[in-house]
Amino acid sequence: MNPVADKPELAEPHIGGWLASLGLGVEYTRSAGNSLYYRDAEGAEVEVLDLVGGYGSTILGHNNPDIVDYAKSLLDGGTPVHAQFSKHPYANDLAWKLNTILHREFGVTEHYSAVFANSGAEANEVAIKHAEMDRVLKIGAALAAVEANLDAVAATGAAIGATAPLPAAAGGIDELVAAVRAANAERAATPPVYLAPEGSFHGKLAASVQLTHNPGYRTPFSAMAAQARFVPLERTDVIAKTIEAERKTLLDLAVDGGVVHVVERPIPAVSAFILEPIQGEAGIRVLDRDAVARLRDLLDAEDIPVIVDEVQSGMGRSGAFFASSHLGVRGDYITLAKSLGGGIAKAAITLIRASRYRDDFELVHSSTYAKDSFSTQIAIRVVELLEADGGEAYRLATRQGEKLLAALRSLRDEFSDVVKEVRGKGLMAGLEFHDLTGSGSEVISEQAAGGLIGYLFSGYLLREHNLRVFPTASATNTLRFEPSIHITDEEIARTATGLRALIEVVRAEDGKTLLG
Ligand code: F0G
């Protein structure tokens with residue numbers, strides 16, 4: 001489709017070849033609104049309707065004119081892009097704007113501090129690190145309390161009673177105190193555990209990838225950071241048991257009836273529970289409100305914080321700024337990225353509720369690029385555009401999202417032998433195909449078995465219908481749709497037409513047409 005460069009590929013060379021083999025190796029030369037453009041072999045510009053939407057980063061469309069003009073004015077005005085460790089009033093402005101929305105959508109007044117980052121994965125790493133710092137500081141405080149108590153107990157001169165789980169201390173109280181200290185040093189150093197629903201996707205950095213369920217992404221790096229336990233969200237009993245199995249304690253001494261014995265004091269073992277209100281990579285799955293409420297009650301009773309990852313679902317896509325507001329679950333941490341940068345800048349933020357916030361965290365997490373004047377001010381403008389006209393953007397997301405979902409559902413009703421399910425909320429929709437490993441077409445069955453069928457469909461839709469659609473990364477028989485709020489009724493109809501043709505090809509087991 002595009003002129004082939006005369007130099008061998010060095011920029012992530014493998015993926016380029018793979019995309020080309022599926023007909024997806026297109027070089028887009030321009031983008032505007034809901035469209036991307038490439039030039040065909042004759043040099044003519046070809047328009048493609050983008051339903052991938054920058055993987056969820058272009059809620060306002062590509063090169064949104066307001067954002068572009070504002071970006072130009074910032075640069076023309078000589079905005080001090082990189083001035084780390086100076087006063088950033090605009091960062092505070094953004095934090096306040098986000099707090100105002102949060103207070104409105106959740107009906108609370110508690111403030112959230114904002115820590116700035118560069119990507120969705122980094123925003124989650126901020127939350128993961130902060131939760132761990134909080135846990136470590138709590139364990140440190142518990143250790144200090146035990147330490148003070150040990151000396152006091154030793155000074156009583158009381159006889160030694162039961163020492164379990166430690167062995168009997170034949171050498172007396174000093175030996176027992178030493179054994180308690182040694183055991184505590186080990187217990188306090190136990191690595192943390194994170195909990196996440198099955199199917200979670202939270203990024204690909206060293207800590208966040210451990211919370212990303214897909215083993216293909218996660219397992220090569222499992223030795224690098226704290227591990228997650230993936231739990232079935234609806235099974236509160238299983239989650240409770242998982243928490244039970246992780247319980248950790250410190251040992252302490254107590255004097256009871258004039259006798260010293262060993263007691264156990266609980267310390268936090270689970271750093272945090274992380275969830276996406278609408279799971280993206282797992283195949284666009286809206287979490288169940290009741291299950292989330294039960295989960296929140298359980299976690300509150302255990303004092304385990306919740307990290308709500310709104311990297312993909314947030315910024316208005318669900319019909320509210322925070323998709324979690326539909327579920328009634330307010331995170332102790334809330335992460336935002338993707339559309340926060342308006343499709344122009346790279347911006348990410350972690351909101352941390354005041355009651356859990358540790359000031360010292362600011363000294364241990366920072367980045368050369370985060371909180372820069374350009375991306376932060378762009379993010380402010382994005383939030384202003386979403387909030388304009390009393391939240392017209394959210395109403396648009398709801399309205400157009402319902403139309404898109406209705407179009408997909410009518411395809412499911414008509415082709416229920418091919419389409420398994422349609423899921424989503426607002427402008428985050430997924431269409432899942434039935435298992436196609438038994439298709440009479442070798443091409444279809446092989447690609448389905450190899451987990452690549454959604455990419456084959458994407459190649460077909462691009463080539464034959466000028467539609468840009470991709471599968472969800474960890475459930476490749478689900479196509480995802482995350483267009484901008486400006487998607488028109490005609491564009492929705494165009495999407496349905498292309499999908500109908502695809503479904504008919506799949507039903508006819510016509511692998512040749514899919515391959516092109
Ligand atoms: N959290 C969620 C829920 C995501 O969907 C993603 C990325 C991230 C975190 C990581 O953000 O890429 O800025 O570091 N999802 C991409 C996707 C990969 O396919 O939608 P990042």
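Asp 389 lies in helix α12 (residues 373-414); helices here are DSSP runs of H or I with at least four residues, strands are runs of E with at least two, and both are numbered from the N terminus. This is a predicted model, in which local features need pLDDT of at least 70 and side-chain atom pairs count only at pLDDT 80 or more, while totals for chains, interfaces and linings use all residues. Residues are numbered from 1 along each chain as its sequence is written, and side-chain values use heavy atoms, with hydrogens and water left out.

## Backbone features

The phi angle of Asp 389 is near 50°, a positive value in a residue other than glycine. Asp 389 counts as exposed, at 63% relative accessibility. In this report, buried means under 20% relative accessible area, exposed means over 50%, and partly exposed lies in between (1.4 Å probe, protein chains only).

A positive phi is also found at Asp 303, where the value is near 55°. Asp 303 belongs to the loop between α9 (289-302) and β13 (306-309), and it is partly exposed, with a relative accessible area of 43%. Most residues other than glycine have a negative phi, and most peptide bonds are trans. A cis peptide bond joins Ala 164 and Pro 165, with omega at about 5°. Pro 165 is located in the loop between β5 (159-160) and α6 (173-188).

## Aromatic rings and charges

Rings of Phe, Tyr and Trp (its six-membered ring) pair if their centres lie within 6.5 Å; planes under 30 degrees apart count as stacked, over 60 as edge-to-face and the rest as tilted. By this rule there are eight aromatic pairs. One of them is the edge-to-face pair of Tyr 28 and Tyr 38, with 6.4 Å centre to centre and 70° between the planes. Tyr 28 lies in the loop between α1 (13-21) and β1 (30-32) and Tyr 38 in strand β2 (residues 35-39), so the pair ties together parts that are ten residues apart in sequence. Tyr 28 is partly exposed, with a relative accessible area of 23%, whereas Tyr 38 is buried, at 6%.

Another pair, formed by Tyr 455 and Phe 470, is tilted, with 5.9 Å centre to centre and 50° between the planes. This pair links distant parts of the chain: Tyr 455 is in helix α14 (residues 453-465) and Phe 470 in strand β19 (residues 470-472), 15 residues apart. Both Tyr 455 and Phe 470 are buried. Ring pairs also connect these two residues with Trp 18 and Tyr 55 in a cluster.

Charged groups lie over two further rings. A charge sits over a ring if NZ of Lys or CZ of Arg is within 6 Å of the ring centre and within 35 degrees of the ring normal. Arg 30 lies over the face of Tyr 37, at 4.0 Å from the ring centre. The charged end of Lys 204 is placed over the ring of Tyr 217, 4.3 Å from its centre.

## Surroundings of the ligand

| Residue | Atom of the residue | Distance to a ligand oxygen atom |
|---|---|---|
| Gly 120 | backbone N or O | 2.8 Å |
| Ala 121 | backbone N or O | 2.9 Å |
| Lys 338 | side-chain N or O | 2.9 Å |

Taken alone the ligand exposes 480 Å², and the protein buries 81% of that; accessible areas come from the Shrake-Rupley method with a 1.4 Å probe, and for residues only the protein chains shown count as cover.

Ser 318 lies in the loop between β13 and α10 (324-327) and counts as buried, at 4% relative accessibility. The side chain of Ser 318 makes a polar contact with the side chain of His 326 (3.0 Å). A polar contact is a pair of N or O atoms within 3.5 Å; within protein, one must be able to donate a hydrogen and the other to accept it, and residues adjacent in sequence count only if both atoms are side-chain atoms.

Arg 294 lies in helix α9 and is partly exposed, with a relative accessible area of 37%. Arg 294 and Glu 234 are 60 residues apart in sequence and 8.7 Å apart in space, C-alpha to C-alpha.
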